[in-house]
Amino acid sequence: MRILFIGDIFGRPGRHLVAERVPELVKQRGIDLVIANAENAAAGFGLTPSIAIELLGLGIDVLTTGNHVWDKRELVEFFQQSEHNFNENARRVLRPANFPAGSPGWGHFEGKTRRDVPFAVVNLQGRTFMAANEDPFRAADAILKSISAKVVLVDFHAEATSEKVAFGWYLDGRVTAVVGTHTHIPTADERVLPKGTAYITDVGMSGPYDSVIGVEKELALHRFLSGMPARFEPAKGDPRLCAVIIECDRDTGRASAIERVMLGPHEHHQPGKQ
Ligand SMILES: [Fe+2]
Ligand SMILES: [Fe+2]
C-alpha cells in the first residue's frame with residue numbers, strides 16, 4: 001500500500017496547492033492513506049477547526065501539528081468540546097503526544113483505510129532547541145505498546161537533524177515510517193532503514209517558497225538585520241507542495257520505498273495568482 005505524507009501546509013498558498021494537487025496525486029499514484037502536517041495552515045500560525053474540516057474533506061485522513069498547534073484558540077475549544085461530545089473530525093487532528101499530561105487533544109490516531117487496512121498515526125515533538133516536553137523516545141515506546149495496527153506513521157516534529165535521525169534509528173523496525181517536519185526545508189536523505197522503517201529528516205513545507213520558511217522575506221530579513229521584533233506576515237509567491245510517498249506491506253507494515261515529491265501549481269495558473 002502507499003501512504004502520502006504532506007509536509008507543513010503553510011497558509012492559503014499551501015492550502016490551495018494541496019486542494020489542487022492532492023486528489024489527483026491520490027488517484028494517479030494509487031494512494032491508500034493521506035496524512036498532512038497542518039500546524040501552519042491558518043495564515044502560517046496554527047489551525048482552525050474550519051480549515052481542519054476543509055483539509056479532511058479533501059481526502060486527508062489525519063492531520064498532525066507541532067509547536068504552533070495552540071496558535072488559534074478555536075482549536076483548543078474544538079479539542080475540549082470533543083472530549084465531551086465525540087467528534088470524528090476533531091479526533092483526526094493530532095497534537096504532539098509528548099506534550100504535558102492533561103493537554104487538550106490527542107497525540108495518536110488509530111483507524112482503518114478505505115480498503116480496511118488498520119493504521120495508526122503518531123505525532124511527537126523533539127526537545128532540542130524546542131520547548132521542554134516529555135521525552136519523545138519513551139513516549140513513543142508507551143504509545144507503540146498500546147497500538148495494534150502494523151502500518152504506523154510517526155510525524156516527528158523537531159528542529160535538530162541529530163535528534164531526528166536518532167529518533168529514526170530508535171524506531172527502525174518498529175514503525176512503517178518516521179517523517180520529520182517543522183524546519184520547512186526538505187532534506188535529501190530519504191531512505192528505508194535496515195529494519196524496514198522509511199525515514200526522512202524533513203519533508204519540507206507545502207507553502208510559499210518565495211519567503212523565509214513561509215514568512216515574507218523582507219520582514220524576516222529585517223528581524224535578522226535589526227534584532228528588533230517584527231510582525232510576521234505569511235508570504236504568497238512560488239507555492240510548492242512537499243511530500244513523500246511511502247510504499248509498505250499492508251500486513252507487516254514494513255516499508256520498501258520512500259520517494260520525495262515537490263510539485264508546483266499546474267501551468268495554467270499565472271505566477272502569483274492563487
Ligand atoms: Fe511548521
Ligand atoms: Fe513547527
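These notebook entries record what I looked up in the structure.

**Basis.** I worked from a predicted model, where local features need pLDDT of at least 70, side-chain atom pairs count only at pLDDT 80 or more, and totals for chains, interfaces and linings use all residues. Residues are numbered from 1 along each chain as its sequence is written, while chains are lettered from A and ligands numbered from 1 in the order in which they are written.

**Sheet.** I took helices (H or I, at least four residues) and strands (E, at least two) as DSSP runs numbered from the N terminus, and counted two strands as paired if DSSP finds at least two bridges between them. I found six strands in an open, mixed sheet, ordered E4-E5-E6-E7-E9-E8. Strands E4 (108-112) and E8 (191-192) are at the edges with a single partner strand each, so one side of each has no neighbour in the sheet.

**E5 and E6.** I noted that E5 (residues 118-125) pairs with E6 (residues 151-157) in the parallel sense over seven bridges. Within this pair, Asn123 stands opposite Asp155 in E6.

**Helix H2.** I counted a residue as buried if 20 or more other C-beta atoms lie within 10 Å of its own, exposed if 12 or fewer, and partly exposed in between, with C-beta atoms placed from the backbone. In H2 (residues 49-57), I found Ile51, Ala52 and Leu55 buried. Their directions from the helix axis to the C-beta atoms fall within an arc of 105°, so these buried residues line one face of H2. The face turned away from that buried side carries exposed Ser50 and Gly57. Just after H2, I recorded a positive phi of about 105° at Gly59.
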